[in-house]
Amino acid sequence: MKPKKLAREALAAGETMAKAIPPRDIFGERRRNFFLFALLFLALTWWSSWGTEFDLWSAFASFPKALAWLGLNFIPSADSLQYLPRIGEKLLETVFVSITATTTSAVLAFALSLFSSKTTRPNAWVALVVRGLGTFLRSIPVAAWAMIFLFSFGQSPLTGFLAIFMETLGFFIRAFIETVDETSESSVEALRASGASWLHTVSQAVLPSVVPQLVSWILYMIETNIRSATLVGLLTGTGIGFVFDIYYKSMRYPPAGLVVLSIVVVVLLIEILSNRIRRSIQ
Amino acid sequence: MHQLKVVQLTKYYKQAQALAGLSFEVENGEFVAVIGRSGAGKSTLLRCINRMIEPTAGQVLFNGTDVRNLRNRDLRRLRTGIGMIFQHYNLVHRQTVLENVLHGRLGFKSDWDGIVGNYTHAEKQHALEIIAKLGLDQHTYSRCDTLSGGQKQRVGIARALVQDPQLILCDEPIASLDPSSAKVIMDHLRTICREMGITVIVNLHQVDVALKYSDRIMGVKAGTLVYDGKPDKLSKKLIHEIYGTETGDLIDE
């Protein structure tokens, strides 16, 4: 089949020789492009490490030493188990802060994304404003948000909550706009054409279509935010980050190691749980 | 009074002209096929009738009222009287057949009843009857993403029928279907037209299907009407003119 077709095409090409485009070596082009890209990548790495006087090789070389130090000092001892209730309490606080920050920002972000998605926006200007808000919120890192709110709200879980809320809101606005755009355009058209109102199309066409994607994003952000909350806690003196900071600075390394270990365990548990939920709501 | 009267309908997309002053009338209960090559303006024409696309100029009179003057609630009321069927079915894939069919009733509901999906017993009964009539009763509670293309399109037809429309607009309803499913869909559309007296306007790529099923054919080329009449008066020469081909046979003649 194939050679025959090729022959026919060659014949056709021969007939229109005058207009024929010279054959392109697309495989060669792809190889050359790949090589060029790799070269550019290496050059960029070298240039930026040179620019910051950061020695890549000694960084890698010191890796084993750092690991050895961790291994010697950060092993949770039997003695450090006495700190477990305190760690557990603070860890739970951190998990709760990250969950509430994620879920509340998800609700607000979904409402906002409806004003910005191509399929549901009332007009292009509102859409632009919402998009701009999302970009603004995202461009400020969570640590900076924490510092900003620290001035107004002091050392409290509220500070951490707000910092994570802001960053998550920025991320969700963008993710949800794309999700609404991708999953519900055609059914929204059908419902509008049948005379359904805006609220009808949102609740009956958009919402059912986006649920699996939205839940997936929310679960992902809860995982991510537990890590963020640890960092924010370090900065604002709350939650598990604060506990870690105290143990670390007072050179109680085994309980500090226990803190790290318990964070890893919680993140893993949440990941397993969220994978299950994701699979069950396709 | 004509059910639908279109006068000098014009549509520009920025500078590009999609419709160049079309005029025609459609009577109650007609089966009209609109043929023409891709980009001729068929889809735009259909969507200007229910204002899914805003016309640039001209009039579209449905039962005597100019649809271009309608706002909000009145526009929604107009749309409840006009069903629409799409090439890609446009269903909510994660919901069941029954839910998708009942979406056709949303236009008659208050905001609150629509949001929570408060359908009356009579509406559900009506939906179930239509589902059975289209041979989907085995799938009433199946999710739409488990159905075949032909079945999905039948759900699309059911959703339009549950509106009790006077007119159904079909935008390439069989373009994504295999020949046997396409026949089932076209047969259903003809039955709807003949037995329920609903006007059907259908955009088609397939000339042979248009010739076989319709009472009347409209040929659209570059946004103008180049043929409007009975299928048997449509000559080969005219078909070639509509499709802008010089000689030779079109593939599905």
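Two strands are taken to pair if DSSP finds at least two bridges between them. Helices (H or I, at least four residues) and strands (E, at least two) are DSSP runs, numbered from the N terminus. The model is predicted: local features need pLDDT of at least 70, side-chain atom pairs count only at pLDDT 80 or more, and totals for chains, interfaces and linings use all residues. Residues are numbered from 1 along each chain as its sequence is written, while chains are lettered from A and ligands numbered from 1 in the order in which they are written.

**Strand pairing**

- In chain B, strand β1 (residues 4-13) pairs with strand β2 (residues 16-26) in the antiparallel sense, over eight bridges.
- Within this pair, A20(B) of β2(B) is the residue opposite T10(B).
- Two residues lie between β1(B) and β2(B), which form a hairpin; K14(B), in the turn, has a positive phi of about 50°.
- β1(B) also runs antiparallel to strand β4 (residues 57-62) of chain B, to which five bridges join it.
- K5(B) has L61(B) in β4(B) as its bridge partner.

**Domains**

- Chain B is assigned domain 1 (1-81 + 168-179 + 194-248) and domain 2 (91-164), with bounds from an automatic or database domain assignment.
- Taken over C-alpha atoms, the centres of domain 1 and domain 2 of chain B are 26 Å apart.
- Seven residues from domain 1 of chain B and seven residues from domain 2 of chain B make the contact (C-beta atoms, placed from the backbone, within 7 Å).
- On the side of domain 1 of chain B that touches domain 2 of chain B, helix α2 (residues 72-80) of chain B gives the most, with three residues.

Conventions. Two residues are in contact if their C-beta atoms, placed from the backbone, lie within 7 Å.
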